[in-house]
Amino acid sequence: MPSSSKTPTAYRGNAPVSEHDCEQDEAEVVFYQLTKKFVDDSDSIPEASQEVFYYALSVGHHTGVIDCFEEKLRCPKATFERVVECFEEGSDARYKLEGILRSGEIQIDKQHLETLLPAIDEVEEKLDAEQEGHAEERAWIRTFHEMLDLLAQDSAAYVMGRMREK
């Protein structure tokens, strides 16, 4: 692996990064996880509007709510494309992840878990059966699976995936 300062950190963890991916000066795919929310109360809300404001919050509208994200997973676009190819062609899970390639961003929340988690389990089994190669894809899938498991435990949380140009 080249020892340049441009060598990307492909994942959280110890997954190897291929020389091919290190040499690429291309976009990365980054996933962020919602870590906290707070209400921006720096401006006082007129008393006449407070009831509407709190009702909007109670039904899930983000009026005045600030979402704080933390980067959890990153890889070169080429690695992400290889991961996506591991999913069954035409499946809802693959289509969801391909959204990053189509539009540059996706949001994953609790409603997507029913589709994504079984598909991830299938991909993990498939990659384990092949035994050789796919270290980057395995590491990515493992970390992504961990993110979704955490998402399943918190009904208000969600994950954002974005294409980031270098």
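Analyst: A residue is called buried when its relative accessible area is under 20%, and exposed when that area is over 50%. Please note that the model is predicted.

User: Is Trp 140 buried or exposed, then?

Analyst: Trp 140 has a relative accessible area of 0%, so this residue is buried. Phe 144 counts as buried because its relative accessibility is 0%.

User: How are the rings of Trp 140 and Phe 144 arranged?

Analyst: They are stacked, because the planes stand at 25° and the cut-off for stacking is under 30 degrees. The ring centres are 4.7 Å apart. Trp 140 and Phe 144 are four residues apart in helix H6, so about one helical turn separates them. In general, an α-helix has 3.6 residues a turn, so residues three or four places apart point the same way.

User: How many aromatic pairs are there in total?

Analyst: The count is five aromatic pairs. One of them joins Phe 80 and Trp 140 in an edge-to-face arrangement, with 5.7 Å centre to centre and 65° between the planes. Phe 80 belongs to helix H3 (residues 77-85) and Trp 140 to helix H6 (residues 135-153), so this pair ties together parts that are 60 residues apart in sequence. Both Phe 80 and Trp 140 are buried.

User: Which residues do the ring pairs link into a cluster?

Analyst: The cluster consists of Phe 31, Phe 80, Trp 140 and Phe 144.

User: And which residues touch the most other members in the largest nonpolar core?

Analyst: That core has 31 residues, and the ones touching the most other members are Phe 31, Phe 80, Phe 87, Ile 108, Trp 140, Phe 144 and Leu 148. At least two core residues come from each of strand S1 (28-39), strand S2 (65-76), H3, H4, strand S3 (105-108), H5, H6 and strand S4 (159-164). H5 gives the most, with seven residues.

User: What is Phe 144 in contact with, leaving aside neighbours within four places in sequence?

Analyst: Phe 144 is in contact with Phe 31, Leu 73, Leu 97, Ile 108 and Ile 120.

User: How far does H6 reach?

Analyst: H6 has 19 residues and reaches 28 Å from its first C-alpha to its last, close to the 27 Å expected at 1.5 Å a residue. Its buried residues include Glu 136, Glu 137, Arg 138 and His 145.

User: Where does the charged end of Arg 102 sit?

Analyst: The charged end of Arg 102 sits over the ring of Tyr 95, at 3.9 Å from the ring centre.

User: Is Glu 114 buried or exposed?

Analyst: Glu 114 counts as exposed, because its relative accessibility is 73%. This residue lies in helix H5 (residues 113-130). Glu 114 and Ala 93 are 9.5 Å apart in space, C-alpha to C-alpha, and 21 residues apart in sequence.

User: Last topic: how many disulfides does a search of the whole structure find?

Analyst: The search finds zero disulfides. As for cysteines, Cys 75 counts as buried at 1% relative accessibility, and Cys 86 is buried with a relative accessible area of 11%.

Notes: Residues numbered from 1 in each chain as written. Predicted model: local features only at pLDDT ≥ 70, side-chain atom pairs only at ≥ 80, totals over all residues. Heavy atoms only, no water. Phe/Tyr/Trp six-rings, centres within 6.5 Å; stacked < 30°, edge-to-face > 60°. Buried < 20%, exposed > 50% of the residue type's maximum accessible area, 1.4 Å probe, protein only. Lys NZ or Arg CZ within 6 Å of the ring centre and 35° of its normal. Core = buried A, V, L, I, M, F, W, Y, C linked by side-chain atoms within 4.5 Å. Contact = heavy atoms within 4.5 Å. Expected span 1.5 Å × (residues − 1). Disulfide = S-S within 2.5 Å.
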